[in-house]
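Trainee: I am new to this structure. Can we go through the terms used for it and test each one against its values?

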Amino acid sequence: MNLKRFCATVLFLSLSFSASALSDLDYLPKTVSYDPSIPKPEDVLGSPVGTWHARHDQIVRYMEILAESSDRVSLTETGKTYENRRLLLMTITAADNQKNIKSIQKRHLEVIEQGAKSNDKDPLILWMGYSVHGDESSGANASLLVAYYLAAAQGPEVDKLLANNIVLLDPALNPDGLARFAHWANMHRSQNLVSDPNNRELSQRWPRGRVNHYWFDLNRDWLLLTHPSSRARIKQFQQWRPHVLTDFHEMGPNRTFFFQPGISSRKNPWTPDQNVKLTEALGNFHAAALDDTKQLYFTQESYDDFYYGKGSTYPDGLGTIGILFEQASSRGHLQDTVNGPLAFSDTIQNQVTTSLSTFKGALANKQALVEYQSNFNKLTDELIKDDRVKGYLISESRDKARFNQLKKILQQHKIEHYSLNKNAKIDDVTYNSVDSIFVPTDQPRYRLVKSIFSTRKRFDDNTFYDVSNWNLALAFNLQYTEVDKGDFRKVSYSDKQAELKVDKLPMLQGNAYAYGFSWEDYKAPKFLQRLLQSGIQVRAAESAFSAKTSSGTISFSSGSIVIPTGLNQPDDMLATIQSLSNQLNIPVWSIESGLTGQGIDLGSAKMSPITLPKVMIVGGLGVNQYEAGETWHYLDTRVGMPVSIIDMDRLSALDMSSYTHMIWVSGNYKNLPESVIEKVAEWVDEGGVLIGQQSGTKFLSDNGWLKAAFMKRSEIQDAFSAKNLQFGDREAFAAKQRIAGAVFETKLDISHPLGFGYTRSLLPVFRNTTEVLLMPEQPFITAAKYVEKPLMAGFASDEMQDLISDSAAVVAHRFGKGRVIGFVNNPNFRGVWYGTSRLMGNAIFMSKFID
């Protein structure tokens, strides 16, 4: 089918349900003409943009047709999402630039990376990113119109724009969430549009389209790179280093339109002040464009530029001007608001308007943008010279998987990190050259490095839109230290980037008495899960032991896994174990005798059989979708475990008997029927393992299952005095009582089953809750507690720190034949807290050792 017939067919099929009064050209400037040979979005969608919520596959198809139809447009598939949807990056510029795009890209990188002299003829690089939150879909729908404008508009104004700019257009940063939301909005659309905010179309169910496949907020993942879409995007960003990056969002329906700058006191301290000035300069063009259409808008409030893991702030640390746009959302096709009826087409129009004002503003400020980026490294060098910190030493000797994952993140951000030439001793801690790396501050990504390893606790403005710390060394629970000018001479490091460490694996002996591997490796739970799925019988060691192997005497710590060959094992057991050892890079030792040199023997009752778990996560309306998704993501992608997610409203009819573990993340469980409470109590009493985190743990405590109580909310509030405060102080006072996201230190009992596999008792945890779990009176049930002075990095008020000091962090004990485990924090936060997510693995596999 040729293009004209295809478009005509789509148009015919959709005419019966088209209710929009707009055409695509109504969104775009009337001062230019448009090439009739370039298909408009409506020619492919079958109706004008805004009539329906465009599905991701429709957006992809239109962009393909645009690339086929215009010599201004090229398309790159940068990767795929979890749900196998294509990630696209459009490159749109003048045809002559397209022919030389590789040389332009190389030239631009030489300027920003190597400090080459800029040329007035060099084009600006503008990155336009839309709808990282899937249910903020006006951006993705606007991208269709923006792409069409750039491909089809004719005239001197457009020729100048295209000759002087390379536009990198990402039409949909979150395809999976966008597809989910488009289906929701479209399936509820009436021929007579319903604007009632209570209408089902405008009230998504669980999970919302905001999030990706595993229910993560992708706008928090630019730095952490937990997800494939983020990794694909950062790879392209590093290959382009644009002058300007835009990030188009939506906010509540009763708002208006926001564009940056936000609150200047809340920007990241490593972001230059000139960045804010240039953002303001571009903001004048947005204001003028919105003034022309009499649109309401606001700036310099609500939003901040602090966390370097968001789309509008990550670029700031690398010399790009990142700009956030927030449009009031219709959340469907039409919604009544305090400002009157808000149509989907209205929201799209403002995103188109400010996309075009970005082009206009960037072109008008081209010289300033080019100079800013070309001088960025010089400004950075000045900071480096004045910094007493010369770098960071990081070490991990027992867990290659966890350490390698950190290195991968550094590699993807092109952060320089080197192996040591020899051991380095700093503050009485020896960093072994074999197991350590050095990250120097003297490098182009200095600002990103300082941010990633920050332990700052005091800030000019203590109100945070997101987290106040994201120290990756702490998140990965790695031994690390700052190296100041005085100690720098002790560090000798290679001139080559550090490589990922791979163990030299022993070959398995066919006549072994048993096989064993350590529980210290991050991937050990995945190894165990695969063994159990293969029908292989295993034992877990409750106590440490040493055994004679074909490679000598090997020490095995508590939690180590033993596979006795004398049991009824599958015929392919040896091949399965060797294959998994190779895949996961975990050494497996061939044990020669059941009699050990030290510790328990292999036939001891403390060598406990581990059976295949069947885990359930409670989900549905009222449950925190982020925490449920993070738990699902950990168990599914890191452990390889199939997990059942069961909505709360189905629990009353559910036969729970086949499930071994039940996880309650944060949520509102107040209205659960008493019959469900009784069923859960009976299930755990009969042998189930009940796991809670954050407010889910409070739910366990409130029902008497967890033998620990939370501090009363009134007691927490009483710790803060509002005496002598004025009305204008109320926001700052509220900020003192909040923990937006900071790192605290706990002391983990590594002899406890939940501490198996850990080698250091001091464990950093991420905390964004103010709930305080009081220390239980009963001995031996506290697996982890906060230290006396717990704050390690980020903001928490002195009052909040005092309340948390010496309180419980993890409590676990028997309940009838079962067990109850309560985490005060979220151990799987954003998929990057490798240091604490192992606690969840232990809660699944080592829970039977809890007395």
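**Terms put to the test**

Mentor: Start with one residue and its surroundings. Ile 563 is in contact with Ala 514, Tyr 515, Leu 531, Ile 536, Gln 537, Val 538, Gln 569, Met 573 and Ile 577, leaving aside its neighbours within four places in sequence. Keep in mind that this is a predicted model.

Trainee: What makes Ile 563 buried?

Mentor: Its relative accessible area is 0%. Buried means under 20%. Therefore Ile 563 counts as buried.

Trainee: Where is Ile 563 found?

Mentor: In strand β23, residues 561–564. As for distances, Ile 563 and Gln 367 are 196 residues apart in sequence and 67 Å apart in space, C-alpha to C-alpha.

Trainee: What is the average pLDDT of the protein chain?

Mentor: The chain averages 95, and 98% of the residues score at least 70. Over residues 1–20 the pLDDT is below 50. That stretch has 29 contacts in the model beyond near neighbours in sequence.

Trainee: Why does Ile 804 count as buried?

Mentor: Its relative accessibility is 0%. The cut-off is under 20%, so Ile 804 counts as buried. Ile 804 sits in helix α23, residues 798–804.

Trainee: Which residues does Ile 804 touch, not counting those up to four places away in sequence?

Mentor: Ile 739, Phe 744, Arg 767, Val 772, Tyr 786 and Pro 790. Take Pro 790.

Trainee: Why is the pair of Asp 316 and Asn 275 called a polar contact?

Mentor: Their side chains are joined at 3.1 Å. The cut-off is a pair of N or O atoms within 3.5 Å. So the pair counts as a polar contact.

Trainee: What else is in contact with Asp 316?

Mentor: Beyond four places in sequence, the partners include Thr 271, Pro 272, Asp 305, Tyr 308 and Phe 376. Asp 316 itself is in the loop between α10 (273–292) and β9 (321–328).

Trainee: What makes α6 largely enclosed?

Mentor: 15 of its 15 residues are buried, so the rest of the structure largely encloses α6. Helix α6 covers residues 138–152. It reaches 21 Å from its first C-alpha to its last, close to the 21 Å expected at 1.5 Å a residue.

Trainee: Which residues of helix α20 are buried?

Mentor: Gly 696, Thr 697, Phe 699, Leu 700 and Ser 701, in a helix that covers residues 695–702. What covers them includes β29 (661–664), α19 (674–685), β30 (689–693) and β35 (818–823). Just after α20, Gly 704 takes a positive phi of about 80 degrees.

Trainee: What is the phi of Lys 414?

Mentor: It is near 60 degrees, a positive value in a residue other than glycine. Lys 414 lies in the loop between α13 (400–412) and β13 (418–420).

Trainee: Why is Lys 414 called partly exposed?

Mentor: Its relative accessible area is 44%. Buried is under 20% and exposed is over 50%. A value of 44% falls in between, so Lys 414 is partly exposed.

Trainee: And what makes Asn 585 buried?

Mentor: Its value is 15%. That is under 20%, so Asn 585 is buried. Asn 585 also has a positive phi, near 55 degrees. Its place is in the loop between α17 (573–584) and β24 (589–591).

Trainee: How do you know that Thr 660 is partly exposed?

Mentor: Its relative accessible area is 27%. Thr 660 lies in the loop between β28 (643–647) and β29. Its contacts beyond four places in sequence include Pro 613, Trp 683 and Val 689.

Trainee: Which peptide bonds are cis?

Mentor: One runs from Trp 206 to Pro 207, with omega near -5 degrees. Another joins Gln 260 and Pro 261, with omega about 20 degrees. Pro 207 is in the loop between α8 (175–187) and α9 (228–240). Pro 261 lies in the loop between β8 (257–259) and α10.

Key
Residues are numbered from 1 along each chain as its sequence is written. Side-chain values use heavy atoms; hydrogens and water are left out. Helices (H or I, at least four residues) and strands (E, at least two) are DSSP runs, numbered from the N terminus. Buried means under 20% relative accessible area, exposed over 50%, partly exposed in between (1.4 Å probe, protein chains only). Contact means heavy atoms within 4.5 Å. A polar contact is a pair of N or O atoms within 3.5 Å; within protein, one must be able to donate a hydrogen and the other to accept it, and residues adjacent in sequence count only if both atoms are side-chain atoms. pLDDT is the predictor's confidence in each residue, from 0 to 100. The expected span of a helix is 1.5 Å times one less than its number of residues.
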